[in-house]
Amino acid sequence: AHLASIVIVGAEPPPTPLERNDGARLTTYDELSDYLQELAAASPEVDLKTIGVSVEGREISALFFSGRLPMEAPHEERLTVLISCQQHGNEPSGKEAALELARELVVDDGGLLDHLDLILVPQVNPDGSEAGTRRNAADADLNRNHVILSEPEVRALHDLFLDWMPEVTLDVHETNVSRTSWMNVGYLKDPTEQFGGVSNLNIAAELRTLSAEVIEPEVGRRIRDAGVSYHEYIVGGPPEEKRLRFSTTDINDSRQSMGIYNSLSFLFEGKRWEDHSAHIASRTAGQLVAMRSFLETIAANAEEIRATVSAARASLTAPGAELPPIHIRQDYRPDPDRPTVRYPVFDLRAWSDREAELGNFEPKVVPLLTVDRPWGYAIPPEQRDLIALLERHRIQLSRLSRRVAVDVERYLIEEISEVIVEDKEAADIAVEPLRENIELTAGTVIIPLRQPAANLLPLLLEPQSLWAPYAERGGRHLALESLLDAGTVFPVVRVLEPFE
């Protein structure tokens, strides 16, 4: 147990716990909890809510900032922004910066809340934070858990997202630059902040364009103008030995899993070292600049963002609108117009910072497998684990009350092999489509595609999807691997036309 801080309602909030100890140590869970209460008490425009509980029973909190109260539901005329931090427990600077950002907004929001409402989750993984580990207390990587949603922390974050459907999301991380593979070729990654937007090709093209051509350059300019080293987020390497590319298209991370709803979603990766507490004050300062630059950019472009997201989401649900084919496998490839990338490094041989021209760069996302979308899907009632997964995603579904004969397409699983996609092993599944008229039994679950999750559903339910939940994700099994046995017919069927 711990003693809650005594606060006076309406008083200016004191320095954050990290500021109080002059950056000597990380903020504990108890200190964070007390400070969030202080912030909420200091302003009538801030609301503190518990959105979930961790594996070990710690509350996960969110701060709600709005210039227009009450904030019990989204304000239709305003942009809603969701920022989450510390999904990985050994990446603490986002949490520390979130507390400083929150205090700044309470003292003087600089006009930001004239343009947007903000939901701020300073710490998604309190158990991992207390233990100093990347994963949660159940040994799951939370940012690889957004497909199967097995962990209470990730479910809390997704429920928050689905309750509010923010137009913009940001997930704040850190990346360890003390990587032996890069050091062996003489480099350390040197940007203080790296930034990435949505890249999955199923997210509306206009959102990907807005992200890449408007938001990213403006965020980068603001960060650099504040004197902080910046670059787009690059993964892979080491240089010249393995390819470099932008971050994943995989929907099992926070950014793409929320972006797939046609949200404008982003992530920051701050610079940290193997010792995740080292230089925490300076790392926090960089994250604060980045988060503030992000919010300023979003506020400056709020009207365009709202209109673009609104139109993109409406295209998923509008009656009669034709949904495009869905890309169920994707990867990065070289771009002849951008064969190299200029990237800030610390050159260990010269012992100095410089921008290096790095080759073996593959920045272009291309589809590897594309399928037409059906009207919907049907799942036998005995597939309880799969149905439960869809319910965790809050998918709109119904159950047949009687037998119905319908035209469907089923898949015969012919062969399963291994392939490398996005530099990881993945199942390569060969299928033979079977067009049939079959009788669906009472209790069969029917999932129409035209709903807010229209982009997500095929990625979950198509057996050849790179992101289907039929294998281990984030340290958890769903026991669904048997659905992909070679020589069997896949139990989820594609319903080709609507039926009565």
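This is a predicted model: local features need pLDDT of at least 70, side-chain atom pairs count only at pLDDT 80 or more; totals for chains, interfaces and linings use all residues.
Local features were taken at pLDDT of at least 70 and side-chain atom pairs only at pLDDT 80 or more, while totals for chains, interfaces and linings use all residues. Residues are numbered from 1 along each chain as its sequence is written, and side-chain values use heavy atoms, without hydrogens and water.

We may start with the helices (DSSP runs of H or I, at least four residues, numbered from the N terminus, with strands being E runs of at least two). The axes of α7 (residues 205-225) and α10 (residues 302-317) come within 10 Å and cross at roughly 160°, the axes being lines fitted to C-alpha atoms over the stretch in contact, with angles from 0 to 180 degrees between N-to-C directions. The two helices are therefore roughly antiparallel (over 145 degrees). In contact terms (heavy atoms within 4.5 Å), Glu 206, Leu 207, Leu 210 and Ile 215 of α7 meet Glu 304, Ile 305, Thr 308, Val 309 and Ala 312 of α10.

Ser 199 lies in the loop between β7 (193-197) and α7. With a relative accessible area of 11%, Ser 199 is buried (under 20%, 1.4 Å probe, protein chains only). Beyond its neighbours within four places in sequence, Ser 199 is in contact with residues including Arg 208, Thr 248, Gln 330 and Val 365.

Terms used:
Angles under 35 degrees count as roughly parallel, over 145 as roughly antiparallel, 65 to 115 as roughly perpendicular and the rest as oblique. Buried means under 20% relative accessible area, exposed over 50%, partly exposed in between (1.4 Å probe, protein chains only).
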